[in-house]
Amino acid sequence: MRNLLSYEKYKILHNPLTYVILAVGCVVSLLFTSSDYLSDPIVPGTPDNLTGIFMNEVADVGIAVLILVGCYAMYLFGADMKNRCINYELISGNNRGIIFLSHYVVMFLLCGTIITISLLIGSCKFGGINLISQICKNGAYYFRIILLMYVISYAIISVCITFVILFQDTARTVLVSFVVLFLACYMMAAVANTNIAEGHMESAYEITKGWLLLYPPYLWRWVLNPNLKVKQFGAALAVGTVWCGITFFVNRYLFCNREFK
């Protein structure tokens, strides 16, 4: 397992496209992060400081970065399938379940890391020293959000692994993954808007209960509320973890029983 993880990490870190995707994510965050978030916030309870800009950046720009990174992760896994790298790992005597687990773990770390770095860099637009000061002052909030960004973003992205296994084709996998991620993330806003009373965003992101709280793309914004209670944080983390677990076991089953080209 350790050798497989090292192998997957080596491939990603020595792939120039990884740094291109990271650079694109940073550029997108820098270009579209705006101080207007404070006058027209997406997140309820937005404070009038850089933390407020960061939480609204995650709610807005973060979705675009998530889709970009998700498509790249599926491209990497799809390329391994198409180029028969998986076959070489099998020939080396590795168990299919362990091979899939190594890919799953590395993609989890890759997606969360690129998304987090990109969004933090975007906040540096308003001063790197100021950002460090805000992180020190609100360390618990930033820790909570970064942890949830890793888990919830992958709860959304990992659904697309099914397409990698079924298609075993890079182009089709990336195209379908983009469509699914785009619809999932932006349908969330449309669904939430149907619950907004009198034009107040907080009615959707504070008061909403029920099935929306089981939907990771909705949780992506909902958990940004600075007034989120510990119990709500735990529930959101549990929902994201359960989604990751479901996608892992479903796709592991497909991977272990799929005939590779």
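The protein exposes about 12,400 Å², of which carbon and sulfur atoms supply 67%, the accessible areas coming from the Shrake-Rupley method with a 1.4 Å probe and, for residues, only the protein chains shown counting as cover. This is a predicted model, in which local features need pLDDT of at least 70 and side-chain atom pairs count only at pLDDT 80 or more, while totals for chains, interfaces and linings use all residues. Residues are numbered from 1 along each chain as its sequence is written, and side-chain values use heavy atoms, with hydrogens and water left out.

**Overall fold**

- The protein has 13 helices and 0 strands, where helices (H or I, at least four residues) and strands (E, at least two) are DSSP runs numbered from the N terminus.
- The radius of gyration of the protein is 19 Å, close to the 18 Å that the globule rule gives for 261 residues, so the protein is as compact as a globular protein of that length; the radius is taken over C-alpha atoms, and the rule is 2.2 Å times the number of residues to the power 0.38.
- Along the principal axes, the C-alpha atoms of the protein fill a box of roughly 60 × 40 × 30 Å.
- Of the 261 residues, 48% count as buried (under 20% relative accessible area, with exposed over 50% and partly exposed in between; 1.4 Å probe, protein chains only).
- Among contacts (heavy atoms within 4.5 Å) with a separation of 6 or more, 77% are accounted for by residues 24 or more positions apart.

- Gln168, found in the loop between helix 9 (161-167) and helix 10, has a positive phi of about 50° although it is not a glycine, and at 3% relative accessibility it counts as buried.
- Ser177 is found in helix 10 (residues 170-193) and counts as buried because its relative accessibility is 0%.
- The side chain of Ser177 reaches the backbone oxygen of Thr173 at 2.7 Å, and, leaving aside neighbours within four places in sequence, Ser177 is in contact with Cys71, Met74, Cys160 and Phe163.

**Thr247 in helix 13**

- Thr247 lies in helix 13 (residues 230-257) and, at 7% relative accessibility, counts as buried.
- The side chain of Thr247 makes a polar contact with the side chain of Tyr104 (2.9 Å), and it also reaches the backbone oxygen of Cys244 at 2.9 Å; a polar contact is a pair of N or O atoms within 3.5 Å, where within protein one must be able to donate a hydrogen and the other to accept it, and residues adjacent in sequence count only if both atoms are side-chain atoms.
- Leaving aside neighbours within four places in sequence, Thr247 is in contact with Tyr104, Ser158, Val159 and Arg252.
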